[in-house]
Amino acid sequence: DAMAQMLEGAGRWTDAEAAALEGRTVSARFGMRGWQCTMDTRLGELARLQGHRDRAESYYRAAVELAQELALPAAEATARSGLATVLAAG
């Protein structure tokens, strides 16, 4: 996530997306579901920044669902905020 954030901040969205996808894959492999949620939110943000509305919505919805399942209210709020941004722009 830190690498994806740094790359995002530098405007290197494609590289940031690759880092976030790798983070999500590693998180899933090791059963770190909370990090999967974080990575889905990051991927939603990156998709939104690149103008990929449907993909952003999909990632944000996955993050909301997983955050609810894991009872992670802060993660859910972050994902819902991103989702609201996407839906409002739609």
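Trainee: Let's start with Arg24: how exposed is Arg24?
Mentor: Arg24 is partly exposed, with a relative accessible area of 27%. Keep in mind that this is a predicted model.

Trainee: OK, and which side chain does Arg24 meet in a salt bridge?
Mentor: That would be Asp40, at 2.5 Å from N to O.

Trainee: Is Asp40 buried or exposed?
Mentor: Buried: its relative accessible area is 2%, and the cut-off for buried is under 20%.

Trainee: What else is Asp40 in contact with, leaving aside neighbours within four places in sequence?
Mentor: Besides Arg24, Asp40 touches Tyr59, Ala62 and Ala63.

Trainee: How many salt bridges does the structure hold?
Mentor: Eleven. As a general point, side chains of opposite charge can pair when their charged atoms come close.

Trainee: Which residue pairs with Arg42?
Mentor: Arg42 forms a salt bridge with Glu8, at 3.3 Å from N to O. This pair links distant parts of the chain, with Arg42 in helix α3 (residues 33-49) and Glu8 in helix α1 (residues 2-9), 34 residues apart.

Trainee: And are those two buried or exposed?
Mentor: Both Arg42 and Glu8 are buried.

Trainee: What about Arg53, which partner does it have?
Mentor: The side chain of Arg53 meets that of Asp54 in a salt bridge, 3.6 Å from N to O. Arg53 is partly exposed at 32% relative accessible area, while Asp54 counts as exposed at 59%. There's a network here too: salt bridges that share partners join Arg53, Asp54, Glu57 and Arg61.

Trainee: Switching to helix packing, at what angle do α3 and α4 cross?
Mentor: At roughly 160°, and their axes come within 8 Å. The cut-off for roughly antiparallel is over 145 degrees, so α3 is roughly antiparallel to α4. The crossing is left-handed.

Trainee: Which residues make that contact?
Mentor: On the α3 side, they include Cys37, Asp40, Thr41 and Leu43. On the α4 side, Tyr59, Tyr60, Ala63 and Leu66 are among them. The contact residues divide into eleven nonpolar, four polar and six charged.

Trainee: Last one: where is Ala71?
Mentor: Ala71 is in the loop between α4 (53-70) and α5 (73-89). The phi of Ala71 is near 55°, a positive value in a residue other than glycine.

Trainee: And is Ala71 buried or exposed?
Mentor: Exposed, with a relative accessible area of 57%.

Methods:
Residues are numbered from 1 along each chain as its sequence is written. This is a predicted model: local features need pLDDT of at least 70, side-chain atom pairs count only at pLDDT 80 or more; totals for chains, interfaces and linings use all residues. Side-chain values use heavy atoms; hydrogens and water are left out. A salt bridge is a side-chain nitrogen of Lys or Arg within 4 Å of a carboxyl oxygen of Asp or Glu. Helices (H or I, at least four residues) and strands (E, at least two) are DSSP runs, numbered from the N terminus. Buried means under 20% relative accessible area, exposed over 50%, partly exposed in between (1.4 Å probe, protein chains only). Axes are lines fitted to C-alpha atoms, for helices over the stretch in contact, and angles run from 0 to 180 degrees between N-to-C directions. Angles under 35 degrees count as roughly parallel, over 145 as roughly antiparallel, 65 to 115 as roughly perpendicular and the rest as oblique. A crossing is left-handed if the near helix is turned anticlockwise from the far one by less than a right angle, and right-handed if clockwise. Contact means heavy atoms within 4.5 Å. Ala, Val, Leu, Ile, Met, Phe, Trp, Tyr, Cys and Pro count as nonpolar, Asp, Glu, Lys and Arg as charged, and the others, Gly among them, as polar.
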